[in-house]
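Colleague: Please show me the structure, and then let us go through it by question and answer.

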Amino acid sequence: MASLLYSVLLICSCLVAIGYSSTFCETEVAAGRSCFSEPADCKLEAECEMTMTSMSMGMENSTRFTLSGMSQGWVAIGFSGDQLMGDDDVIMCVRDDSDDVSLLDRYNTGRVNEDKTNSAIGNGLVLNERNYTDGVIRCVFTRNNTIMPVDTQHFGLDSGDSLRLHILFGKGPVTDGNPMMHQTNPWSSESQVNLTATSIINRAGRDTPNPPGGPPSTTSAMPKTTAGATQSQEATYLVLHLVFATLAMLVTVY
């Protein structure tokens, strides 16, 4: 009877331990990267609608980004002084008809996304890896933290408080090789982000643009995402795991 009870408690303990697993961003932050994911509780990169991780390259004065998203056209991040589209430094990963992925250096002038007027600026933008698999675009690229010479369409990523930026995240279709307007409103970071630090980037609501020639968007702002629910869930699983494991040990003693 005791051995049967021990087995049951041990199984319960294992099931509870399996029930909680780290989210994608928790895993990335533990590895020293800043991270954004949508939804916030997705577990694997390929299961998330969109993800971005960044890591400071230290002495190289650059930041390495990994951008991934469910899209057949493009995925992009934008560096912005606020949470709205307009006057944003944009890096876009674009899929072509042969499923190759290229990296574009763009700028949002108002609601229009276009090539930068000075694409030869010294931002050190380098595409390191790219692929398109099962409907997911993924690219890895590196960009200088300090932009020299200074340019109004390229924002520095230095760690100073005055240079912290909001991050915008978007995706959309491509027509005849040209990125088109996003079909869903982009996400923005809840607050300004220091990309040289290590943290989970919480998101605010979505930017709600007025489509050209159409009425204002009726898409409502999405609720804020915080780590509180995840931390509470983790604590619950841990307590249950300890309770079942302790009971199993007591059964073996008595």
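Modeller: Helices (H or I, at least four residues) and strands (E, at least two) are DSSP runs, numbered from the N terminus. This is a predicted model, in which local features need pLDDT of at least 70 and side-chain atom pairs count only at pLDDT 80 or more, whereas totals for chains, interfaces and linings use all residues. Residues are numbered from 1 along each chain as its sequence is written, and side-chain values use heavy atoms, with hydrogens and water left out.

Colleague: How many helices and strands does the protein chain have?

Modeller: Counted as such runs, the elements of the protein chain are three helices and 14 strands.

Colleague: What percentage of the residues of the protein chain count as buried?

Modeller: Buried means under 20% relative accessible area, exposed over 50%, and partly exposed in between (1.4 Å probe, protein chains only). Among the 254 residues of the protein chain, the buried share is 40%.

Colleague: In which loop is P39 found?

Modeller: The peptide bond leading from E38 to P39 is cis, with omega near 0°. Most peptide bonds, by contrast, are trans. P39 itself is found in the loop between β1 and β2.

Colleague: Is E38 buried or exposed?

Modeller: R203, its partner in the salt bridge, has a relative accessibility of 7% and counts as buried. For E38 the relative accessibility is 8%, so E38 counts as buried.

Colleague: How many residues apart in sequence are the parts that E49 and K171 tie together?

Modeller: The side chains of E49 and K171 form a salt bridge of 3.1 Å, N to O. E49 lies in the loop between β1 and β2 (50–56) and K171 in strand β10, so the parts tied together are 122 residues apart in sequence.

Colleague: Which strand gives the most to the lining of the largest pocket?

Modeller: On a 1 Å grid over the protein atoms alone, a pocket is an open set of points where a 1.4 Å probe fits, with protein on both sides within 12 Å along at least five of seven lines; lining residues have an atom within 4 Å of a point. The largest pocket is lined by 22 residues, with W74, M85, N108, N113 and H182 nearest its centre. At least two lining residues come from each of β4 (74–80), β5 (88–95), β6 (101–109), β7 (112–115) and β10 (166–172). The most, four residues, is given by β4.

Colleague: What is the phi of D87?

Modeller: D87 is found in the loop between β4 and β5, and its relative accessible area of 48% makes it partly exposed. Most residues other than glycine have a negative phi. D87 is not a glycine, yet its phi is positive, near 60°.

Key
Salt bridge = Lys/Arg side-chain N within 4 Å of Asp/Glu carboxyl O.
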